[in-house]
Amino acid sequence: LLFEVGLQSTVREMMKVGFVSFMVALFGVIAPFFLGWGVAGWFLPEASMLVHVFVGATLTATSVGITARVLKDIGKLQTKEARIILGAAVIDDILGLIILAVVTGIISAAATGIGGGISSADVLWIVLKAVLFILGAVIMGAWVLPHYFKFGFQLKAKGVLLSFSLLICFLLAFIAGQIGLAPIVGAFAAGLILEEVHFQDFQSRGEHQLEELLAPIATFLVPIFFVRMGMLVDLTTIANVSILGFAAVLTLAAIIGKQVCALAIFEKGINRMAIGLGMIPRGEVGLIFAGIGAKLVLDGQPVIEAGTYSAVVIMVIVTTLITPPLFKQVMSK
């Protein structure tokens, strides 16, 4: 799923959007992160600070696909607001995945370390690993992949484009896992560096685009992921008033946090409200973060316990459902 999300963007597109999108993304990561951290600290006072930090991390990323689909449906994909939002959403996801990689690394180190402690040098090393991995993937995309796919094109066999692309996805996911990062960081990076220019030779001989080749696999596997995420929700926790209160405040923090993005816009004539609304949906990325937290163990307990998981899922559902109608109304004016 994250490989497919990464394919929707390219490094070149990300470089084009410039400083404005970067600042929108930066504001849209920092504010929700600390708001989520604060809300978790308020509702889960007995939990470790690392749990509070992880809940904050689940609020950072934006679902690129949902916002892009709404923009496409209302015919606003070419507007300046659309370019800023989509560029910021991609940078947002990268920053969110780096935060996830750092937080999961710290939690894993704390869980296995003596006394559960972790030094600032360890934290710095985890941050460095995440940044170097993303930069390494980008360099690989620019220098290695053109030769890699040129070799694949010479094979003259069916299915080469799909199999060679999946190999990159699984390879980077495996490397990310081996160096202590979340495998989804590698999968997203693989999608990001696979640009259309690499596939032009394949398309010139009448082959389908990579997105079309990947669609049947995603159609089969992605629903299984969503079913699995749904199975992790304990319905009895939803009947708990405190959990519903936690979910409501967490959702409010998720919405308000992304409205801070508007503060990064100084240019006149740009619809600031549309920028803030377009960054709200958490979608599949929020669920993936929550799913990873449910698997991480700290002090013998899951980092994201059943009640917290349900609250995060409710937040993801609400932010995903309210965005399209509100965003469509604001962008149509």
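First, what you are looking at. This is a predicted model, where local features need pLDDT of at least 70, side-chain atom pairs count only at pLDDT 80 or more, and totals for chains, interfaces and linings use all residues. Residues are numbered from 1 along each chain as its sequence is written, and side-chain values use heavy atoms, with hydrogens and water left out.

On confidence: pLDDT is the predictor's confidence in each residue, from 0 to 100. The protein chain has a mean of 86, and 97% of its residues reach 70 or more. Helices here are DSSP runs (H or I, at least four residues), numbered from the N terminus.

Now the second largest pocket. A pocket is an open set of points on a 1 Å grid over the protein atoms alone, where a 1.4 Å probe fits, with protein on both sides within 12 Å along at least five of seven lines; lining residues have an atom within 4 Å of a point. The space in this pocket is about 850 Å³, a volume being the space filled by probe spheres set on the points. It has 30 lining residues, and those closest to its centre are Leu1, Leu2, Ile184, Phe225 and Ile288.

Which helix gives the most to this lining? That is α11, with 8 residues. Helices that supply at least two residues each include α1 (2-7), α9 (183-193) and α15 (283-295). By class the lining has 22 nonpolar, 5 polar and 3 charged residues. Ala, Val, Leu, Ile, Met, Phe, Trp, Tyr, Cys and Pro count as nonpolar, Asp, Glu, Lys and Arg as charged, and the others, Gly among them, as polar.

Of its 11 residues, 10 are buried, so α9 is largely enclosed by the rest of the structure. Buried means under 20% relative accessible area, with a 1.4 Å probe and protein chains only. Ile184 is one of the buried residues of α9, and Phe188 is among them too.

Next, the rings. Rings of Phe, Tyr and Trp (its six-membered ring) pair if their centres lie within 6.5 Å; planes under 30 degrees apart count as stacked, over 60 as edge-to-face and the rest as tilted. The count is 12 aromatic pairs. Phe149 and Phe202 are edge-to-face, 6.4 Å centre to centre with 90 degrees between the planes. Phe149 sits in helix α7 (residues 145-154) and Phe202 in helix α10 (residues 200-204), 53 residues apart. Both Phe149 and Phe202 are buried.

Phe151 and Phe164 make a tilted pair, 6.4 Å centre to centre and 35 degrees between the planes. Phe151 belongs to α7 and Phe164 to α8, 13 residues apart. Phe164 is buried, at 14% relative accessible area. Ring pairs link Tyr148, Phe149, Phe151, Phe153, Phe164, Phe199 and Phe202 into a cluster.

Last, two contacts. Gly105, in helix α5, is 77 residues from Ala182 in sequence and 8.5 Å away in space, C-alpha to C-alpha. Val316, in helix α16 (residues 306-332), is buried at 4% relative accessibility. Val316 and Gly283 are 33 residues apart in sequence and 5.8 Å apart in space, C-alpha to C-alpha.

How values were computed
Buried < 20%, exposed > 50% of the residue type's maximum accessible area, 1.4 Å probe, protein only.
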